[in-house]
Amino acid sequence: MGLPLAEIFEEFSDLDREDQSKYLLELGDDLPLFPPALRTEANRVYGCQSQVWLSADVSGHGDNAVIRILADSDSNIVRGLIAILQSAYDGMTASEILSYDIQAVFRQLNLQQHISPQRRNGLRGMVERIQLLARKHAVSFELSAEESASVAGAVLPLCPAPRFDVLQIRRQFPVLNRPLGDGRFPVYLDSGASSQKPACVIEKEREVEEQYYANAHRGTYQFGVRIDEEFESARELTANFLGARSADEIVFTAGTTAGLNLIAFGWALPRLRPGDEILTTVMEHHANFVPWQQVAIRTGARLKLIPLTSDGRLDASAFDSVFTEKVRLVAVTAMSNMLGTINPIREIARRCRQINACLVVDGAQSVPHLPANVAADEVDFLVFSGHKIYGPTGVGVVYGRQSRLEEMEPVMFGGHMISEVTTERSVWSRPPAKFEAGTMPIVQVIGLGAAIRWLQQLGLAAVHQHEEQLTRLLFDGLREIPGLRIFGPAPEHRGAIVSFRIDGVHPEDLAALLDSHGVFTRHGHHCTMPLHAHLGIAGSTRVSFGVYNTADDVQAFLKALNQARQQLQ
Ligand code: PMP
């Protein structure tokens, strides 16, 4: 198929950047026809700005199956890259593909030097899809559930997932492996407030600071070029992770709160009028409640709530009456930070489309724990924070559907977000730059990219499964404690968060005693005062899990809880 690799090596390696592009265009022209029936969502490879579809013709079985790569793109240069991949992998079996050093080919072609960071990500995405297809056919590899889903059609994670081994994962978190003053190791059960960071994220931040730190989108010197590559590669990774259609739909912010305020004041405030309605819920974090309350006060719009069931879920039987034509915006959390409830975002998105309302999803709690797919779910905006997803503080993400980002006004003005400034007026850059005024949290953005890549390797389906087991274990233990009330639904409707109260025990006293056992939990209103008022309580104790928590953590917590309860009751 195509030119032999040796011929490509000979012709390509010495060309300068411009001639390499021309050569790639020529290779792309000769790409074999990609069957139109294979241009499906399942075969899409994300990571590149152009569209790419990749599939394979397989003859034979197991490790000896010969895999013929079929791929196509709407970009001719990417078609040229596909031609190189086809020549490189030509005639290989599944196991040969898996052991083949494709990076050596790219090095020999001097390819990495000459293609943009976006194309490099796209190329990596294609290689990883090819390896995944090979793994699917090689008998000596077993696919995880998440990988099978990827091959079957979901968005491809950039890295193949290893087995979920919680002890091996926990070892990657330095802070969890340092003994406390009394020699015990911390039992960290407050990941809902902020998660700990794995060594690879800490190392990545250190690498940036020590090796090539510079401002982003400013310098064309070597550090500047490297920083831009790393920064934009984090954007690509994030887009891929969320299932966005393009990296341009990813805006970096300071966190969820900053992101929600941007949407409230950049999209909603200029649009809403008296009589319009904002639909939200009483279970929202203040970050997804107060900005809408402010928009309502300032525009004359009405804030309306979707009722809850007695077990703390959205009452679907009320949807017909609350999703009405007057609703212009729906702001809802994908997962409650107090009740743990997982909300039916796909159904809410469907309702929003029927009434032409804009859907804003607070993903602060869901994105670290549950697979997201913004394009498939058809949400307009999804917001989350870096520090809850094993990444740094001071950084967050707004995913915005491209048309919504075009509509939204910037709320921060200054450098980088403009394309032209005169003494009279300014013209904005296109999104995402339009919303990224001033110097960004550069190291944190790159650290967030490392965290996302790391989490993708674990596979969110496996993460969710692990955390669900912990939640059930915790539930079983808590149910045996007299006078203990758990808030929110049964484990099958919730993520890795459980809040509760014990009769006669003040949550603050309990937290202090748990702390004395090295068990770290959160207490108080968890920035959900309307919800606590709705439940008729002033505060609660909250346990929230991360990927590193173990069944031993749950047992240590239950033991400490029982001792504390006996002391306090
Ligand atoms: N929404 C939810 C559901 C949250 O749990 C949090 C953090 N507790 C936020 C929003 C606010 O996130 P941040 O403080 O990172 O802006």
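This is a predicted model: local features need pLDDT of at least 70, side-chain atom pairs count only at pLDDT 80 or more; totals for chains, interfaces and linings use all residues.

Two elements, α1 (5-12) and α2 (17-29), each give two or more residues to the negative patch. The largest share, three residues, comes from α1.

E26 lies in helix α2. With a relative accessible area of 48%, E26 is partly exposed, because the exposed class starts only over 50%.

**Salt bridges**

Side chains of opposite charge can pair when their charged atoms come close. The count for this model is 31 salt bridges.

One of them joins D101 and R107, at 3.6 Å from N to O. D101 is partly exposed, at 41% relative accessible area, whereas R107 counts as exposed at 55%.

R328 and D276 also meet in a salt bridge, with an N to O distance of 3.2 Å. R328 lies in strand β7 (residues 327-333) and D276 in the loop between α12 (256-268) and β5 (277-281), so this pair ties together parts that are 52 residues apart in sequence. D276 is buried, at 13% relative accessible area, while R328 is partly exposed at 27%.

**A salt-bridge network**

R401 pairs with E378, their closest N and O atoms being 3.6 Å apart. R401 is in the loop between β10 (396-400) and α17 (402-407), and E378 is in the loop between α16 (374-377) and β9 (381-385), so parts 23 residues apart in sequence are tied together. R401 is buried, with a relative accessible area of 17%; E378 is partly exposed, at 28%.

Both residues belong to a network of salt bridges that links E378, D380, R401, R404 and E407.

Notes
Residues are numbered from 1 along each chain as its sequence is written. Side-chain values use heavy atoms; hydrogens and water are left out. Helices (H or I, at least four residues) and strands (E, at least two) are DSSP runs, numbered from the N terminus. Buried means under 20% relative accessible area, exposed over 50%, partly exposed in between (1.4 Å probe, protein chains only). A salt bridge is a side-chain nitrogen of Lys or Arg within 4 Å of a carboxyl oxygen of Asp or Glu.
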